[in-house]
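Here's a quick tour for anyone meeting this structure for the first time. Take a look at it, then read on for the main points.

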Amino acid sequence: MAETLLFNALRDAIDEEMARDPYVCVFGEDVGQYGGSYKVTKDLYEKYGELRVLDTPIAENSFTGMAVGAAMTGLRPIVEGMNMGFLLLAFNQISNNMGMLRYTSGGNFTIPTVVRGPGGVGRQLGAEHSQRLEAYFHAVPGIKIVAVSTPTNAKGLMKAAIRDNNPVLFFEHVLLYNLSEELPEGDYVCALDQADLVREGKDVTILTYSRMRHHCLKAVEQLEAEGIDVELIDLISLKPFDMQTISKSIRKTHKVIVVEECMKTGGIGAELIALITEQCFDDLDARPVRLSSQDIPTPYNGKLENLTIIQPHQIVETARQLKAGRI
Amino acid sequence: MDSSAGAAGSHAERLAALYPAGPSSVSREDGLMLYRDMTLGRRFEDKCAEMYYRGKMFGFVHLYNGQEAVSTGVIKAMKAQHDWFCSTYRDHVHALSAGVPAREVMSELFGKETGCSKGRGGSMHLFSKEHHLLGGYAFIGEGIPVALGAAFTSRYKRDALGDASSDAVTAAFFGDGTCNNGQFFECLNMAALWKLPILFVVENNKWAIGMAHDRATSDPEIWRKAAAFGMAGEEVDGMDVLAVRAAAQRAIERARAGEGPTLLECLTYRFRGHSLADPDELRSEAEKTFWAERDPIKALAAHLQEHGLASAEELKAVEKEIDAEVADAISFALAAPEPDPAELTRYIWAED
């Protein structure tokens with residue numbers, strides 16, 4: 001069977017769900033005639049028409065709010081952030097309305113929406129286009145947050161997110177759209193709240209998500225050659241964390257490294273390590289370690305950019321130290 | 001022009017100079033229905049002030065006194081439980097006009113489980129799916145996109161799903177202060193672009209807390225901003241419920257016919273401060289008097305009597321009935337249970 005590129009896996013998921021449910025629609029900048037900046041909605045405008053694949057003006061706050069109102073009255077909108085960073089402009093609607101409204105309305109309304117788009121540090125895109133908003137949105141109550149990392153999980157998670165009756169922030173990565181692999185056949189759906197045990201191992205647990213999964217895989221390869229047996233877990237669900245899978249792994253390895261692309265302060269790892277400390281303290285043989293981006297705006301210069309985010313060699317070195325009991 | 005308007009300021013001058021809406025007519029039945037709704041709004045809010053000062057309700061409470069002609073004029077021209085309504089932090093009376101029972105609104109203000117938002121929302125966050133109240137939105141302008149979404153759903157059902165019966169219209173209420181906010185302009189643009197069935201109802205009461213309208217905006221005539229988006233715009237005497245109703249009916253007709261949105265600027269005034277915590281130090285006595293003399297409820301009462309549609313006794317009877325309804329809402333809310341602490345985290349997710 002032929003391989004599928006990640007952006008096409010997402011496209012297929014949206015296409016299949018739009019065919020399955022006429023209330024599913026897409027709002028966003030250039031999602032229609034242009035087919036999406038990363039072609040995730042290519043040809044859907046022709047197939048489903050201008051209302052179901054709605055090209056919006058550049059007004060993130062208002063079209064995100066519009067999705068909330070549409071969801072409250074029966075539609076199931078998918079909002080594309082052309083770049084997830086642009087959703088800073090819709091922070092109010094995502095926090096006050098998508099996240100909080102079901103609660104403040106005492107259960108009157110549900111907000112079945114997916115907000116999706118490319119996040120992460122790309123290649124020299126400059127600070128504003130290189131954001132990791134998963135950390136910024138992490139405290140908002142009432143939203144689920146997932147990050148996809150392979151064509152297979154991209155498709156299965158997109159379908160699950162569309163079918164979910166809650167708002168889901170769906171993080172893709174700007175550098176992963178062209179990954180390709182063979183997809184499972186048929187109408188498969190991945191659980192939004194389950195981590196992916198990528199590789200079993202006994203020495204060290206590495207928890208990661210999104211593009212860093214692939215950096216970790218490179219590191220694991222080298223560590224394997226050195227005789228260090230890593231258990232690699234892709235978090236998938238950034239909110240809530242799959243603590244069952246995570247704590248099971250820590251009970252086995254007693255050592256944990258979190259590898260993330262977001263900044264260190266107030267990051268995903270900050271919350272995750274707090275939870276690990278609360279729930280797995282007695283199982284740990286060493287302090288948990290965070291490998292995060294620098295607390296700086298992502299610089300344009302390529303060398304500086306590489307220094308800003310974690311590289312595979314840093315993961316290797318940290319695992320060595322942890323295994324050797326030097327941490 | 002009315003001679004008292006000069007001393008009362010520019011907002012009053014606009015009202016005084018407004019081209020008369022023309023002879024209003026209303027049936028006895030409709031007239032009494034409107035009178036009843038406005039009286040309910042007024043008496044309910046007066047009772048809220050009393051309960052607030054007696055420590056029965058808390059937080060920020062924004063009362064609607066003086067603006068009743070807008071809520072009643074627009075909402076009672078729409079179809080209950082069919083059309084959609086979207087409000088702001090000053091939402092009690094919109095909820096009542098939309099048909100949310102006074103018991104449920106008062107219970108919400110008391111933070112009780114029987115409230116329309118189950119005590120989780122409070123004064124500024126009234127919601128009722130049953131009565132198509134999309135909610136009270138406390139931040140300026142954030143409700144407008146939500147209302148736009150409801151209007152989009154109407155069009156989507158009609159044109160993407162082929163449901164010819166989908167003709168619900170949405171009314172978004174907001175104030176003059178909101179009209180300097182980006183979401184207002186963004187949503188006017190999209191509504192006109194996609195010909196969505198929506199009424200943008202500006203309740204221009206001149207004051208955004210302490211910021212006078214003409215100190216905040218380059219062109220105080222908000223209705224004229226409709227022209228920039230190629231949509232219908234109308235300015236109306238917001239103290240005249242029949243004028244508001246007639247303007248709303250024209251706009252609703254356009255919306256249902258697929259002719260798109262209308263920007264309706266209602267010149268009105270709040271008789272109380274911004275909220276019950278507002279010392280109200282900036283508004284002049286001359287201004288307050290000018291508007292008090294145009295009390296919309298008294299104006300409707302006079303109209304109904306002058307046209308032989310209702311007698312003073314009949315209107316008194318309506319008031320008595322309303323007082324009983326509000327008293328009932330109070331005793332119901334006082335006796336109602338608070339939310340169960342075991343349900344503190346309920347309603348976060350769709351499944352619970």
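Buried area is the accessible area, taken with a 1.4 Å probe, that two parts lose on being put together, summed over both. With that in hand, note that what you're looking at is a predicted model. Between chain A and chain B, the buried area comes to about 3600 Å².

- Carbon and sulfur atoms give 65% of the area buried between the two chains.
- Three residues stand out on chain A's side: A:Leu51, A:Thr73 and A:Tyr103 supply 20% of the area that chain A buries against chain B, more than any other three residues.
- Counting residues instead, 43 from chain A are in contact with 44 from chain B.
- How many salt bridges are there between chain A and chain B? The count is zero.
- Polar contacts do turn up across this interface, with 21 residue pairs found, both partners being at pLDDT 80 or more.

**What chain A brings to the interface**

- Two or more residues each come from strand 2 (24–28), strand 3 (53–55), helix 3 (60–72), helix 4 (91–99) and helix 5 (101–104) of chain A.
- Helix 3 of chain A gives the most to this side, with nine residues.
- By type, the residues on chain A's side divide into 20 nonpolar, 19 polar and four charged.

**A sheet in chain B**

- Chain B has an open sheet of six strands, with parallel pairing and the order 2-1-3-4-8-7.
- Strand 2 (133–136) and strand 7 (232–237) of chain B are at the edges with a single partner strand each, so one side of each has no neighbour in the sheet.
- From one strand to the next, the twist averages 15°.
- Zooming in, strand 1 (residues 84–87) and strand 3 (residues 170–175) of chain B pair in the parallel sense over three bridges, and B:Cys86 stands opposite B:Ala172 in strand 3 of chain B.
- Helix 8 (residues 182–193) of chain B packs on the sheet, where it touches strand 3, strand 4 (198–204) and strand 8 (262–267) of chain B. The direction of helix 8 makes about 150° with that of strand 4 of chain B.

**Salt bridges**

- Over all chains, a search of the whole structure finds 53 salt bridges.
- One of them joins A:Glu16 and A:Lys159, whose closest N and O atoms are 2.4 Å apart.
- A:Glu16 sits in helix 1 (residues 6–20) of chain A and A:Lys159 in helix 7 (residues 151–163) of chain A, so this pair ties together parts 143 residues apart in sequence.

Terms used:
Residues are numbered from 1 along each chain as its sequence is written. Chains are lettered from A and ligands numbered from 1 in the order in which they are written. This is a predicted model: local features need pLDDT of at least 70, side-chain atom pairs count only at pLDDT 80 or more; totals for chains, interfaces and linings use all residues. Side-chain values use heavy atoms; hydrogens and water are left out. Contact means heavy atoms within 4.5 Å. A salt bridge is a side-chain nitrogen of Lys or Arg within 4 Å of a carboxyl oxygen of Asp or Glu. A polar contact is a pair of N or O atoms within 3.5 Å; within protein, one must be able to donate a hydrogen and the other to accept it, and residues adjacent in sequence count only if both atoms are side-chain atoms. Helices (H or I, at least four residues) and strands (E, at least two) are DSSP runs, numbered from the N terminus. Ala, Val, Leu, Ile, Met, Phe, Trp, Tyr, Cys and Pro count as nonpolar, Asp, Glu, Lys and Arg as charged, and the others, Gly among them, as polar. Two strands pair if DSSP finds at least two bridges between them. Axes are lines fitted to C-alpha atoms, for helices over the stretch in contact, and angles run from 0 to 180 degrees between N-to-C directions.
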